[in-house]
Structures are given as structure tokens and as C-alpha cells.
Amino acid sequence: MHLGVTLLPILAVLVLPGAWAQSGSSRLGVVVEAKNITLPAGSEAVLPCHSPRMVWTRDRLKDRQRVVHWDLVRSSPEYSVERVLDMSPGARQRVYNSFNKERIALPDTAFNDGNFSLIIDNVVSTDKGVYTCNLHHHYCQIHQSIQIQLNVTKSPRKEKRFWDGEKTVIVVLLGSSVVLPCVNRRPLWREGLQEDQQQVAHWDFQPPGVRPDRADRLVDLYASGERRDYGPLFGHKMSVAEDAFTLGDFSLSISNLKPVDRGLYSCHLHHHYCGLHERRIFRLTVGPALPVAPTEAPKTFQLDEPAPRTEEVESPRVVNVILPEHRGYFVQHLGYFLATFLLLALIVVAVIVLTRRRKKRGLDYDVHRYDRRTMMGEAEISLDCAELKACNQEPLNSDYKNNLLKERDMTKDCNTSYDGKPWK
């Protein structure tokens with residue numbers, strides 16, 4: 001166990017010198033907001049600068065702020081996830097499996113030097129699997145993890161360490177000791193830091209034509225309550241809320257704007273303890289002042305004695321006011337008149353068309369009736385001629401040839417028409 005602790009710093013440097021790279025941020029910070037603001041002269045300007053991550057609370061209970069825990073994932077014979085141990089700055093490390101007590105541990109100085117490597121003595125075959133080192137900083141809302149795969153062998157010649165493209169793989173001899181490296185030396189994981197001195201907010205002013213590196217510093221704010229004002233302008237017409245770090249509101253107020261106040265204002269928020277660096281930029285333009293409305297002079301009333309009352313009663317006065325009709329009112333009524341006229345015209349045209357059609361149908365009926373009567377007359381005439389021909393063609397009986405009386409009677413009958421009139 002002591003041998004593992006002695007070799008721990010050397011193995012941590014040789015195996016994983018850069019477990020987590022330091023993410024360097026620029027000196028000015030990342031621009032998260034940019035606005036153009038135009039206000040008239042004489043008014044008040046409020047340049048907003050809010051960040052909930054800059055709300056400061058003293059880290060009195062550090063055991064609840066920073067936590068490290070190791071987990072083991074086994075894929076054979078069955079898939080399982082097991083919590084190996086965890087540790088906080090204000091508490092002792094806790095091992096979950098009684099078999100691993102006095103066999104698996106973390107360095108006691110883990111939160112002092114940022115070395116959270118896991119030490120395993122007397123490796124057994126059940127130690128095989130994927131180990132995950134998890135670091136949680138609840139105050140800064142930072143969560144980081146790293147994976148290492150451990151394999152166990154019985155042959156000393158098969159011991160090795162390599163990178164499989166996703167994680168580090170360590171093959172160790174059965175019964176030996178191994179150190180699974182997990183190193184993070186960022187300042188927020190170590191002791192001895194004063195959080196109130198790590199949070200800083202400041203405002204800069206850059207007049208037109210001035211380079212950014214020559215901007216004027218207006219004010220510096222610290223979470224400890226310290227405040228530094230620069231120049232006479234800030235105290236007289238510029239201000240930031242006293243409880244800025246309590247609310248996370250660092251807005252800058254500028255009263256009685258003047259043309260000399262135009263320029264570029266930048267709000268810088270730095271949380272060195274958590275690695276936060278943000279910048280907000282505002283381009284302020286001062287326009288002409290708003291016209292002042294004329295104020296009426298106060299009227300003075302003379303206190304005269306009231307006139308004596310008389311018995312005469314004044315008759316009420318009636319004033320007739322004739323308002324000119326609007327043009328839209330005339331157009332509306334004109335539209336009503338035209339619509340009524342068109343409706344009447346349509347009705348008249350419909351009546352005329354129906355009347356003409358009715359007369360035309362009567363004439364057609366008379367013509368057809370006359371034609372029918374004519375055809376019936378022609379039929380009767382044809383019938384008479386047929387009967388006449390039949391009479392003329394009727395053969396005479398030889399018995400009556402010599403009888404002159406019967407011959408005369410037959411001639412009379414043939415010469416007589418159907419109506420009793422003589423045939424011409």
C-alpha cells in the first residue's frame with residue numbers, strides 16, 4: 001500500500017501528464033452580447049449586464065461543493081455498474097464493498113494537489129472492467145470524467161499499457177498493485193483558494209477614436225465587497241448596484257446624458273475560481289435633446305364681491321350646430337340609390353322578356369291550329385272525290401239498261417254532293 005502511494009506521483013506524470021488540458025481563455029473574455037443604444041441628451045441610460053453564474057455564496061460547506069467518485073462497469077459474465085468509492089474535501093473517503101476495504105483507496109491529499117488516482121492492491125480477477133473517474137463541482141456546475149479499462153493476466157509478459165482510441169487500457173499481473181491515473185490540477189479542485197477574491201466585475205469606457213487597449217477603467221467590483229472607482233465621472237453620474245454580486249446584476253446607470261458620453265462601454269465578468277470569463281459590449285449614441293413642452297403661467301383669480309341676485313330668470317340659450325356631412329356618408333347613400341335603381345331595371349327587363357315569350361307562344365298555337373283545319377278540309381274533299389269515283393265506276397246492272405227511270409235516278413244521285421248541293 002505504501003509502495004503504491006510512493007509511486008503515485010511518478011506514474012501520474014508518466015502515464016497521463018495531460019488528463020485534462022487547461023482551457024485557456026482570453027484576457028478580455030468571450031463576447032456574449034453586443035448592442036447599439038441611442039438615447040436623447042439629458043435622459044438616463046441603463047446598460048444591462050446580468051449573469052446568474054456570478055451570484056456569489058461563500059463556500060462554507062466544501063464537502064457539498066466538490067465530490068470525486070469512481071465507478072466500475074463489468075460486461076462479463078453479466079453487465080453491471082458498481083460504485084467503488086467516493087470522497088469529499090470535508091469527509092473521509094467511503095468504500096462501498098467490504099471486500100475492497102484496505103485494498104482500494106485514494107490519496108489523502110487528493111483535493112490539495114488535484115491527484116484523484118485510484119490505487120488497487122492485490123489485484124484479483126473480479127477487478128477487471130472499465131473504471132470511470134467522475135469529478136463534480138456543484139458550486140461552479142462543472143462535471144468531468146475519464147475512463148480507464150483494467151485487464152488482469154497471469155503472464156508477466158502480457159503486462160502493458162496502451163490507448164485503444166477511446167480510453168487507456170492497462171493490463172496488470174494477477175496479485176500485483178496498480179494505479180489508475182486521474183489527475184486534474186485546476187485551481188478550483190484544490191484547497192487554499194478564497195472564492196471572494198476570485199470573482200471580479202469591471203466596466204470600461206472607450207471614447208470614439210481610442211484603441212481598445214487604451215480604454216478607461218470606470219469601476220472594479222469584488223465579491224468581497226471591495227469597490228474601486230476611477231475618474232470623477234463614475235461617482236457623480238454613473239453607478240452600479242451595491243448588491244451586484246447578491247443578485248448577479250452589474251448593470252451600469254448613466255444619468256443626464258451628454259454628447260461626451262457617447263462611445264463603447266464594456267462589462268467584464270470574471271470568475272477565476274470557476275473559469276468564467278464573459279464580456280458584454282454596448283455602443284451608446286447620444287442624440288439631440290427632446291423639446292421641452294411650454295408650461296402655462298398660473299392664472300390669478302381676483303376675489304371680487306359676488307353680485308347681488310336679481311329676480312330675473314335668464315331663459316335658456318339654444319345653439320344650433322350644423323355639422324357638415326362627411327364625404328363617405330354621401331358616397332354610402334349614393335351606392336344605396338344605384339343598387340335600388342339597378343334592381344328595378346332588372347325586374348322591368350324580366351317582365352318584358354316574359355311577356356314577349358308568352359305572345360310568341362300564342363301566335364305559334366294559332367298557326368298550328370289553322371294548318372290543322374286546312375288539312376282536315378283537304379281530307380274531306382279527297383274523301384268526296386273518292387266516293388264520286390266509286391259511284392262513277394260502279395257497274396250498271398244489265399237489268400236496268402232498258403229502264404230509263406232507274407238510269408235517271410242514278411244520275412241524279414251521282415250529281416248530288418254529300419251536303420245536298422248539286423255537284424259542279
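Which side chain is joined to that of arginine 103 by a polar contact of 2.7 Å? Keep that in mind as you open the model, which is a predicted one.

**Stop 1: arginine 103**

Select arginine 103 in the loop between β5 and β6. The partner you are looking for is asparagine 100, whose side chain meets that of arginine 103 at 2.7 Å. Now show aspartate 127 as well: its side chain makes a polar contact of 2.8 Å with the side chain of arginine 103. To see what surrounds arginine 103, leave out residues up to four places away in sequence and display Ile119, Ile120, Asp121, Asn122, Val123, Val124 and Asp127, which it touches.

**Stop 2: glutamate 102**

Step back to glutamate 102, in the loop between β5 (91–95) and β6 (104–105). Here the surface tells another story: glutamate 102 is exposed, with a relative accessible area of 78%. Check its backbone too, as phi is positive, about 65°, although the residue is not a glycine. For context, most residues other than glycine have a negative phi.

**Stop 3: asparagine 122**

Next, pick asparagine 122, one of the residues that arginine 103 touches. Asparagine 122 sits in the loop between β7 (118–120) and β8 (129–137). Its phi is also positive, near 50°. With a relative accessible area of 46%, asparagine 122 is partly exposed.

**Stop 4: the disulfides**

Start with cysteine 49 and cysteine 267, whose sulfur atoms are 2.1 Å apart. Cysteine 49 belongs to the loop between β2 (45–47) and β3 (66–74), and cysteine 267 to strand β18 (residues 263–271), so this pair ties together parts that are 218 residues apart in sequence. The link is left-handed, with -70° about the S-S bond, and both cysteine 49 and cysteine 267 are buried.

Finish at cysteine 133 and cysteine 182, a disulfide with its sulfur atoms 2.1 Å apart. Cysteine 133 is in strand β8 and cysteine 182 in the loop between β12 (178–180) and β13 (199–206), so the bond ties together parts that are 49 residues apart in sequence. The torsion about this S-S bond is about -70°, which means the disulfide is left-handed. Cysteine 133 is buried at a relative accessible area of 0%, and cysteine 182 is buried at 0%.

Note on methods. Residues numbered from 1 in each chain as written. Predicted model: local features only at pLDDT ≥ 70, side-chain atom pairs only at ≥ 80, totals over all residues. Heavy atoms only, no water. Helix = DSSP H or I, 4+ residues; strand = E, 2+ residues; numbered from the N terminus. Buried < 20%, exposed > 50% of the residue type's maximum accessible area, 1.4 Å probe, protein only. Polar contact = N/O pair within 3.5 Å; in protein donor to acceptor, adjacent residues only side chain to side chain. Contact = heavy atoms within 4.5 Å. Disulfide = S-S within 2.5 Å.
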